[in-house]
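Subject: Structure handover

Hello,

Here is the structure I promised to pass on. Please open it first, then read my notes below.

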Amino acid sequence: MSALALERISAAYGERRVLGPLTLHIARGEKVALVGHSGAGKSTLLDLMFDKQRRDIALLPQNLGLVQTLSVFHNVYMGRLAAHSTLYNLANLIRPLPKEVRRVRQVLESLDMADKLWAPAGELSGGQRQRTAIARALYQPASVLLADEPVSALDGPRAISVMQALNRHFETSVIALHDVELALRHSTRIVGIRDGGIALDRPSEHISAGDLHFLYDVAAPAA
Amino acid sequence: MLRSPTDNSAMRRSATVRTSVGFVVVALLCLVIADIQVTTVAPWRELGRLLTGLVTPDFSNPAAIGTALLRTVAFAFVGVALGASAGFLLALIFHLRVVRTLCAFVRAIHELFWALIFLQFFGLHPLTGVLAIALPYAGVFAKVYSEILDEADPLPMQVLPAGTGLISGFLFARVPDAWPHLVSYTAYRLECGLRSSAVLGFVGMPTLGFALQSSFAQGYYSEVGALLLVFFVLIATLRLWVRPWLVPLYVAVSPFLLGTGLPIMWGNVARFFTEDIVPAPLRHGEGWAALWQWFSDLLLHEALPGVWTTVVLTQIALVGTGLIALLAFPLISRHFTSRPGSVLGHVALVVARSTPEYLLAYVLLQLWGPSMLPAIVALALHNGGIIGHLIGRRSNEITLRPDAAHGLDRYAYEMVPRLYGPFLAFLFYRWEIIMRETAILGILGIATLGFYVDSAIQELRFDRALVLIVITALLNIGVDSLARTLRRRLRLRHMVNCEP
């Protein structure tokens, strides 16, 4: 059974078609890495996937969507807004509930961010902001992750541990990555996007970094 | 449940939240001691009659309505044009302390107080109305224009060739960058000018307020309805009939449409300055001890009670304004309403902000009888409408992530936290304005400073009136500087175009 299915979808900005028409099925349990040069349509593809389904999906957009004036705690908690009643949410906004604080702290500890629990998101560094958004996704009760460059602001070892955590936590994931090595290491399937279409779609284990070069070479003919 | 030290810091409230809670607590305390009641026998019947008047407007006397409208527009154009010209010249020398102080003082006195002063020596001459608008507006324009000019990109000025003249350097390197801001602020002040002009009718100028007052006094609610509707349409269509290329024409024609009023008695002017405003004990040569007695009596029995009531009412109205703004902004926010819904919201907010608080207070006072309630509701509705409009517009600039929560969760987690900073900044800007208005509402019979000023003038004791007006101005200046301190401490970004 497919976790996500797109049938002959396409996207256009005004007159200009930027994506598709393409068909893509993602089975449950797959960890898909979307690769391609910037502007190839990875983000658009993620948006379409989200629009198609919406339920049971944790979304991690490139610009994070943090509320600058709220604390890290509240931003992470926002991953569960839909899981609680509004009244509960309001109470937790005004006075953080111990139970939620404990659970959010656990998530933050795994990301080495527990000391920033009460810092306003607006006062964090770029990497810390990204980890806050990652924590929000991890806190969200969903089995599918759609993420756009989730570790772009993190250093090497930390990027690897975050990718591992995301793969452990979500049954199915589609992650756009510009770092080819990272993509190969942390996925079961690679989907290469080029000129708005799928130029490559193979299991990761059969691919080397060299096989992906053509995706980034705009002048070369498509394989 | 055990708490680690960091958990306790969780309860550490941000300075913004602490300040807000402080204001709310003060307002609640003020509410306890405030005089709030409905004293009329049938307040709802009166309100019903007014609403009936609004839906059955009486346009059977178009000449009277047209004249009132024409005068309102004419006074606004002449007053704002004079104020803007003088303000622009003052902006060039605004770095001088004496100019800054003078402007702060001039704009701290409400246009109705200025009108009451000018009435004493110019009488019911158009000059009274024009100057009552032009003078305080010049003070405001000088300050805001100079801030806008200061914020213009300094680089063009630095790269000017050596020897460039002062004026050409200014016109080429500074004004063009600031021009759009100068224009949009002046347009905004024109709208304020229309409201001021309408309200000047309440002290005898031939503008909308005058017609409104007489219709009200005679109980012609359908005439009241017609006048109000015409005024709302006038403000709502401002952008349609005030075109940049038409403005010079309007300004040129307006001085001839002010009406003639009554001739100025120049003898009155001389007497006002040489006799009327000289403190009575000095005028009668009773010496310094008598002067002190006179002053302390005035301070103790009029100024202090007036200041107290003014502050109490202001603080309640300020928090009421904040509440209304926070409740109202979703009406025009695309994150909460669909397009047809937001049209209705826009109409509601336009009505709230284009109705001058003085007019609104006057109407509510007729309906509910004398107490602080009409003033509080009028101030909160008008100012809440303005701030609700501003932060609603700002909320439309925010892009939420596609999976953001909906409804009340969205309101509490996504919108209010993002908008709270600008919201507080706007509210603190309006603080001084609310206080200035509170003082003036005294003329309607609520015991704020304006009440004592008005009574002194009725009794022809202009010396006392003047002292009270100066005290009012000092109070406004004090609140303004307190608001500035708070804005700085809470690091609320400076925004020129929302003031005042």
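At what angle do helix H4 and helix H5 of chain A pack, and how far apart are their axes? Helix H4 (residues 98–110) of chain A and helix H5 (residues 126–139) of chain A pack at an angle of about 125 degrees, and their axes are 10 Å apart. Axes here are lines fitted to C-alpha atoms, for helices over the stretch in contact, and angles run from 0 to 180 degrees between N-to-C directions. Helices (H or I, at least four residues) and strands (E, at least two) are DSSP runs, numbered from the N terminus.

Before going further, some ground rules. This is a predicted model, in which local features need pLDDT of at least 70 and side-chain atom pairs count only at pLDDT 80 or more, while totals for chains, interfaces and linings use all residues. Residues are numbered from 1 along each chain as its sequence is written, and chains are lettered from A and ligands numbered from 1 in the order in which they are written.

**Confidence**

The model scores ipTM 0.71 and pTM 0.81. pLDDT is the predictor's confidence in each residue, from 0 to 100. Chain B has a mean pLDDT of 86, and 94% of its residues reach 70 or more. Residues 1–12 of chain B have pLDDT below 50; beyond near neighbours in sequence, this stretch has 10 contacts in the model. Residues 494–500 of chain B also stay under 50. For them the model has 16 contacts beyond four places in sequence. Two residues are in contact if their C-beta atoms, placed from the backbone, lie within 7 Å.

**Chain A**

The angle makes H4(A) oblique to H5(A). Angles under 35 degrees count as roughly parallel, over 145 as roughly antiparallel, 65 to 115 as roughly perpendicular and the rest as oblique. The crossing of H4(A) and H5(A) is right-handed. (A crossing is left-handed if the near helix is turned anticlockwise from the far one by less than a right angle, and right-handed if clockwise.) H4(A) brings Val104(A), Val107(A) and Leu108(A) to the contact, and H5(A) brings Ala135(A), Leu138(A) and Tyr139(A). By class, that contact has six nonpolar, no polar and no charged residues. Ala, Val, Leu, Ile, Met, Phe, Trp, Tyr, Cys and Pro count as nonpolar, Asp, Glu, Lys and Arg as charged, and the others, Gly among them, as polar.

Chain A is divided into domain 1 (1–56 + 143–223) and domain 2 (66–142). The domain bounds come from an automatic or database domain assignment. Taken over C-alpha atoms, the centres of the two domains of chain A are separated by 27 Å. Their contact takes 10 residues from domain 1 of chain A and eight residues from domain 2 of chain A. On the domain 1 side, strand S5 (144–148) and helix H6 (156–169) of chain A are the elements that give two or more residues. H6(A) has the largest share, three residues. By class, this side has seven nonpolar, two polar and one charged residues.

**Chain B**

The assignment gives chain B domain 1 (60–276) and domain 2 (284–500). Their C-alpha centres lie 20 Å apart. In chain B, 28 residues of domain 1 are in contact with 24 residues of domain 2. H9(B) gives the largest share of the domain 1 side, six residues. That side divides into 20 nonpolar, five polar and three charged residues.

Which residues of H4(B) meet H11(B)? Ile65(B), Ala68(B) and Leu69(B) do, against Ala226(B), Leu227(B), Val230(B) and Leu234(B) in H11(B). The axes of helix H4 (residues 62–92) of chain B and H11(B) come within 11 Å and cross at roughly 40 degrees. That makes H4(B) oblique to H11(B).

H4(B) also packs with H10(B), at an angle of about 140 degrees and with axes 8 Å apart. Ala68(B) and Leu69(B) are among the H4(B) residues in this contact.

**Between the chains**

Contact between the chains involves 21 residues of chain B and 21 residues of chain A. On the chain B side, helix H1 (5–10) and helix H20 (407–440) are the elements that give two or more residues. H20(B) gives the most, with 10 residues. By class, the chain B side has 10 nonpolar, four polar and seven charged residues.

Best wishes
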